Amino acid sequence: MTEPDSLETRSADERDRDLADALPHQVARAQALEGFAYLRDVDVSAITNRASLGHLPVLRKSDLVAAQSEAPPFGALAGPLGSFSHVFQSPGPIYEPGHIDGDWFRLGRFLRAAGLHNGDIIQNCFGYHLTPAGMMFESGARAIGATVLPAGTGQTELQVRAAADVGSTAYAGTPDFLKVILEKADEMGVTLSFSKAAVSGGALFPSLREFYAARGIACLQCYATADLGLIAYESDAMEGMIVDEGVIVEIVTPGTGDPVPEGEVGEVVVTTLNADYPLIRFATGDLSAVMPGHSPCGRTNMRIKGWMGRADQTTKIKGMFVRPEQVAEFVARHPEIGRARVVAAREDERDVMILRVETTASETGPFEASAADILKLKAAIEIVSPGTLPRDGIVIEDTRTYD
């Protein structure tokens, strides 16, 4: 595998110094854009680390959709469309800007960590139509000097034939589609030359990784989004995912911007250092947790556990939507409450809402009143001892079954 570079092996002090220099400039770039008017009064000189960054508002996908509907295509959160080489569309719809050159999405860092290099022929099976994944990986391939076969999705027999004819050595795509290609090749009696796979966009189950390893294919995964580019990636150490050098990752309580302790599950919030598209505290809606220590591969940045579910736990109970933000508001109203968890359940063929609260208080009356006010539903309050509720990032749990 490729050795880490000088950015990836910085000491904690070096990384902190570089962050203290980069963050104020990035927030200032955002302030210059009309879509970030809410940051206009922020003293950028005071935003020098994660702690100070954590005082700024969180930007959510719903905010992005609303901004883009008012000021298409980018919601005044990026420069003019003509300053970019590409514009993509993701579900929402959300429009994302991009460049093909300069490793704009930073996927080259992941491909190098996965052992890909100049001389590899990458069969890129990510989509090239409207959505950005195909171009994201192609941009990364250009950065490492690899040759790309822009295969896209589907057409399995043609994929096999092309892989055999051009001698594809590496696969890029979703974790499971490579298995489909390999099994079709077996059926056709064709031998393929894949020895590496760089995957994203779905779960890489251990059994699937083992299937590839048994065929001599080293398969590593990354965590990336259309809005942010690369967020974190695996190395050959395969111990968690290493945060990319071009982003700042926070793990926060879902529905709030408040950081959780190391090791606790929370929502992934990302600030990108991309000067062209300065997303500040962008909530991904994904759950993860920070891992202690550094990767054995020598890369020293923060590690996260990878994707651990969705933070958007909005749930309909008795015909009403209950959102994590409402639970956070409820907790904020009661300083005597440490944590709260809504449980949606069924009793006698009817929905019920249980609200479990960690507190030393004994009276439930005040909690019942504010729950009805904030959550717009009557809740059965259950008081539990501090430290009782799981630290799994879930604030709305749906236990209902419909079998």
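Is Gln221 buried or exposed, and what is its relative accessible area? Gln221 is buried, with a relative accessible area of 16%; buried means under 20% relative accessible area, exposed over 50% and partly exposed in between, with a 1.4 Å probe and protein chains only. The structure is a predicted model, in which local features need pLDDT of at least 70 and side-chain atom pairs count only at pLDDT 80 or more, while totals for chains, interfaces and linings use all residues. Residues are numbered from 1 along each chain as its sequence is written, and side-chain values use heavy atoms, with hydrogens and water left out.

View 1. Gln221 lies in strand β7, which comprises residues 218-225. Helices (H or I, at least four residues) and strands (E, at least two) are DSSP runs, numbered from the N terminus. Not counting residues up to four places away in sequence, Gln221 touches Phe110, Val199, Gly202, Leu204, Arg209, Tyr233, Glu234 and Met241. Contact means heavy atoms within 4.5 Å.

View 2. Nine strands form an open sheet with mixed pairing, in the order β4-β3-β5-β6-β7-β8-β9-β14-β13. Two strands pair if DSSP finds at least two bridges between them. β4 (147-150) and β13 (290-291) stand at the edges with a single partner strand each, so one side of each has no neighbour in the sheet. Helix α6 (residues 156-166) lies across β3 (121-124) and β4, and runs at about 170 degrees to β3. Axes are lines fitted to C-alpha atoms, for helices over the stretch in contact, and angles run from 0 to 180 degrees between N-to-C directions.

**View 3. Ile181 within helix α7.** Ile181 has its place in helix α7 and is buried, with a relative accessible area of 0%. Leaving aside neighbours within four places in sequence, Ile181 is in contact with Cys125, Thr156, Gln159, Val160, Tyr171, Leu192 and Phe194. Leu59 is 122 residues from Ile181 in sequence, and the two C-alpha atoms are 39 Å apart in space.

**View 4. The crossing of helices α7 and α8.** The axes of α7 (residues 177-188) and α8 (residues 206-214) come within 11 Å and cross at roughly 40 degrees. The two helices are therefore oblique to each other; angles under 35 degrees count as roughly parallel, over 145 as roughly antiparallel, 65 to 115 as roughly perpendicular and the rest as oblique. Their crossing is left-handed. A crossing is left-handed if the near helix is turned anticlockwise from the far one by less than a right angle, and right-handed if clockwise. On the α7 side, Leu178, Lys179, Leu182 and Glu183 meet Leu208, Phe211 and Tyr212 of α8. The residues of this contact divide into five nonpolar, no polar and two charged. Ala, Val, Leu, Ile, Met, Phe, Trp, Tyr, Cys and Pro count as nonpolar, Asp, Glu, Lys and Arg as charged, and the others, Gly among them, as polar.

**View 5. Pairing around strands β17 and β18.** Strand β17 (residues 337-347) and β18 run antiparallel and are joined by ten bridges. Val343 stands opposite Ile354 in β18, and Glu347 stands opposite Arg350. β17 also runs parallel to strand β20 (residues 396-398), with three bridges between them; here Ala344 stands opposite Asp398. β18 pairs with strand β19 (residues 380-384) in the parallel sense over five bridges, where Arg356 stands opposite Glu382. Eight of the ten residues of β18 are buried, leaving this strand mostly covered.

View 6. Thr360 is placed in the loop between β18 (350-359) and α10 (365-375). This residue is exposed, with a relative accessible area of 73%. Apart from neighbours within four places in sequence, Thr360 is in contact with Glu336 and Pro386.

**View 7. The crossing of helices α9 and α10.** The axes of α9 (residues 324-333) and α10 come within 10 Å and cross at roughly 145 degrees, and the crossing is right-handed. Gln326, Val327, Glu329, Phe330 and Arg333 of α9 make the contact with Phe367, Ser370, Ala371, Asp373, Ile374 and Leu375 of α10. By class, this contact has six nonpolar, two polar and three charged residues.
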